[in-house]
Structures are given as C-alpha cells and as structure tokens.
Amino acid sequence: MIMLKKTQLIFQSEAMDGWLREHRSASSGAEVVFSGIVRTDEHKRAVEYLEFEAYESMVHAEADRIFEEVEQQWKVNAVVLTHRLGRVFPGEAAVVLAVYARHRYEAFAACQYIMDELKKRLPIWKKEVFADGEAWVHPHP
Amino acid sequence: MTIRVLLFGIVRERAGSATFQLQCAQSITVHTFRRQMEEHLPVLRELGAYAVAVDQAFANEDVLLTGAQEVAIVPPVSGG
C-alpha cells in the first residue's frame, strides 16, 4: 500500500476538527495521535499566546522528506500533520500529528520519529508573548 | 547578479523586511553568502547558528548560488 501523506498549515483551530478522522480506515488497526498543546506558563511567566510563522513551501517539502524516511523504516498507511500559524492561545493545539498503521508498534514509532524530526527540521518559528514582553524561541540551531 | 533572500522569524523582524537583495559580481558559495549576509544583517552573528535553504531544502556550504534559486535564511526552528 502506498502511504498517504498530508501536511497542512492553518490559522484557525476550527479547521483542525474533522481533518484527522477523514483518514481513518479499517485497514489501519492503529491510530496514534499526538497533540502539542500551548502551556499556560513558560520560564515561570504567564503566556498570553504563541505566535507562529513558517516558510510554508519548505515546510511541505521538508515534511515530505521526513515522511519518505518513515516509509523506508516502517509500514505505515497514512500520516496526517497539521500545524497552526499565527496566534495560538494556552490550551489550544499548536500541532496535531496522526499516524495510521496496521499495528500499533509502527504507528507509535513513526509518530515519535516525525515529531522529533519536525522539531529539528521544519522551518517554523514561534514567539512567546507574555504580559510583560516577548521572545523568539530558538531551541534548535 | 542579485540574490533575493527570504527572511523569517527573528531575522525578518530585526531586518524590518521579509526579503533582502544581495548584490554580487558572480556566483558565490553558501559559505561566502553567509559571510556577506552577516555584514549586512548583524543579527545573523548574534544567532550563532542558522541554516541556509536553497530551493526549499537545507544547503551545504559548497552549494553555488547563481541568482536563479530561491534562497532563504533559516534561523533556529521552534515548531511543534
């Protein structure tokens, strides 16, 4: 089976609803979903919101390269990745990744791999905005 | 020759623009491109590390920039 690969970058949280379940099918016994949620505090400061921006065309190109690496290592039926842009508030998901496979081992492993690589390689940047200031986050040179 | 450079995140903010036009007499490597960009945008030296992307892929230091590719400065990423 050819792996289905989809990446979307969106501004509205509502657009995340329903996006994942469209890709469910009975051939995949495992659906592993990771959601990255904006925390209410960072460095002991209250977060008002995070502001995301992306080099969108490269996000799609680099995500496809990561998905190809997944395809070479595990038998996965589908990978669906969605990442928010613009302002994302505490309690909202900034990223949601769903991996579909026949069995859970492949789905868990691929989900972990994609999230690790996403954090290192996808050209997406976030600024933390606090009540008393703001700062770009630069954990991965 | 002009290399049009896309800027993002802290680099875009500090440059006050989402693009930068680098003038060169001839094609240059990514290595040389970095040195020249650092002269124009001091924020790049402050960052310590940053990547250069050519045609939507991370580029090695010896890739030649001809003016025909899409070139971007990729500051340390923080998605997810």
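In which helix of chain A does A:Glu62 lie? Select residues 56–73 of chain A: that is helix H1, and A:Glu62 lies in it. Helices (H or I, at least four residues) and strands (E, at least two) are DSSP runs, numbered from the N terminus.

Before moving on, some housekeeping. This is a predicted model, where local features need pLDDT of at least 70 and side-chain atom pairs count only at pLDDT 80 or more, while totals for chains, interfaces and linings use all residues. Residues are numbered from 1 along each chain as its sequence is written, chains are lettered from A and ligands numbered from 1 in the order in which they are written, and side-chain values use heavy atoms, with hydrogens and water left out.

**Stop 1: A:Glu62**

Zoom in on A:Glu62. This residue counts as buried because its relative accessibility is 3%; buried means under 20% relative accessible area, exposed over 50%, partly exposed in between (1.4 Å probe, protein chains only). Now show A:Arg65: its side chain makes a polar contact with the side chain of A:Glu62, at 2.8 Å. A polar contact is a pair of N or O atoms within 3.5 Å; within protein, one must be able to donate a hydrogen and the other to accept it, and residues adjacent in sequence count only if both atoms are side-chain atoms. Setting aside neighbours within four places in sequence, A:Glu62 is in contact (heavy atoms within 4.5 Å) with A:Arg121, A:Leu122 and, over in chain B, B:Phe58.

**Stop 2: along H1 to A:Phe67**

Stay on helix H1 of chain A and pick A:Phe67. It counts as buried, because its relative accessibility is 1%. Beyond four places in sequence, its contacts include A:Met3, A:Val79, A:Leu81 and A:Ile114. Other buried residues of H1(A) include A:Met58, A:Val59 and A:Val70.

**Stop 3: helix H2**

Next, select residues 104–121 of chain A. The 18 residues of helix H2 should span 26 Å at 1.5 Å a residue, and the end C-alpha atoms are 25 Å apart, which agrees; the expected span is 1.5 Å times one less than the number of residues. Among the buried residues of H2(A) are A:Glu106, A:Tyr113, A:Glu117 and A:Arg121. What covers the buried residues includes H1 and strands S2 (30–37), S5 (78–84) and S7 (93–101) of chain A, together with strand S5 (57–58) of chain B.

Colour the cysteines while you're here. A:Cys111 counts as buried because its relative accessibility is 6%. The structure holds zero disulfides (pairs of cysteine sulfur atoms within 2.5 Å) over all chains.

**Stop 4: the cores**

The largest nonpolar core has 36 residues, and those with the most contacts inside it include A:Val76, A:Leu97 and A:Ile114. Such a core is a set of buried Ala, Val, Leu, Ile, Met, Phe, Trp, Tyr and Cys residues joined through side-chain atoms within 4.5 Å. H2(A) gives the most to this core, with eight residues. A second, separate core of 33 residues includes B:Ile3, B:Leu7, B:Ile73 and B:Val77.

**Stop 5: between the chains**

Finally, show both chains as surfaces. Here 21 residues of chain B are in contact with 29 residues of chain A. The buried area (the accessible area, 1.4 Å probe, that two parts lose on being put together, summed over both) is about 2,000 Å², of which carbon and sulfur atoms give 61%. On the chain B side, select B:Val77, B:Ser78 and B:Gly80: they lose the most area to chain A, together 31% of what that side buries.
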